[in-house]
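User: I would like to go through the labels attached to this structure and see what each of them rests on. Please set every value against its cut-off before you conclude.

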Amino acid sequence: MPDMDFMTNAIGSAFRSERLIYRAIENNEADKHFYFTQLQSDPVTSALGDPSIHRPKNKSLSDQWVENTRNALLAVMVCLLGDSSKGSEPIGYVTVRELQPYQRRGSLSIQIAPAYQIIVNWAMDWSFRWGGLHSLALGASLYNERAVAVYRKAGFRQEGISREAVYRNRKWWDTVQMAILEHEWEALRDIDGPKDLRDNI
């Protein structure tokens with residue numbers, strides 16, 4: 001495929017997959033309503049995605065959430081592609097925050113409605129293809145076994161443990177820090193380097 005075709009195809013598909021579209025988080029009532037009602041008001045989703053004190057959340061968090069996403073390297077609403085009459089339905093969000101620009105290291109944060117925890121691979125692909133990162137890191141509390149298993153299956157490796165870092169239900173839980181490096185991602189995708197990307201779009 002000629003370079004121009006390769007690039008236009010890559011750019012055109014950067015924010016969509018077969019079933020999902022990744023769009024900007026908007027400072028509007030619809031996005032704030034989704035965040036509050038589907039992610040923060042659900043006690044399980046909220047506790048699995050947020051290590052802060054487990055308590056009922058108020059709607060003002062939605063305004064803070066939108067504001068906090070403004071400085072992220074990437075902040076997208078993850079939406080199911082719908083038919084043309086319905087448009088797309090939000091199912092969660094992804095942020096990638098740059099930790100140390102000189103290290104090209106980012107921190108991944110994902111919160112998805114329970115039925116749709118399927119987007120880790122897209123977030124990794126974006127981070128290394130478009131975000132210019134060399135390393136993508138995340139943390140997960142060990143009581144969230146499903147998330148830890150998903151991250152391991154996606155290729156993240158354990159870098160460390162913060163002992164007794166999160167308090168839940170009268171127990172202190174460890175938090176695992178995990179990361180994937182660019183060359184590890186390339187090996188997972190069977191990519192030899194930037195030139196080989198054109199065959200994997």
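Analyst: Apart from neighbours within four places in sequence, alanine 24 is in contact (heavy atoms within 4.5 Å) with Asp31, Ala75 and Met77. This is a predicted model, in which local features need pLDDT of at least 70 and side-chain atom pairs count only at pLDDT 80 or more, while totals for chains, interfaces and linings use all residues. Residues are numbered from 1 along each chain as its sequence is written, and side-chain values use heavy atoms, with hydrogens and water left out.

User: Why is alanine 24 called partly exposed?

Analyst: Buried means under 20% relative accessible area and exposed means over 50%, with partly exposed in between (1.4 Å probe, protein chains only). Alanine 24 has a relative accessible area of 43%, so it is partly exposed. The residue is found in strand β1, residues 20–24, where strands are DSSP runs of E with at least two residues, helices are runs of H or I with at least four, and both are numbered from the N terminus. Alanine 24 and alanine 75 are 51 residues apart in sequence, yet their C-alpha atoms are 6.5 Å apart in space.

User: What makes tyrosine 22 and tryptophan 122 a stacked pair?

Analyst: Rings of Phe, Tyr and Trp (its six-membered ring) pair if their centres lie within 6.5 Å, and planes under 30 degrees apart count as stacked, over 60 as edge-to-face and the rest as tilted. The rings of tyrosine 22 and tryptophan 122 are 3.6 Å apart, centre to centre, with 5 degrees between the planes, and the pair is therefore stacked. Because tyrosine 22 lies in strand β1 and tryptophan 122 in helix α5 (residues 120–129), the pair ties together parts that are 100 residues apart in sequence.
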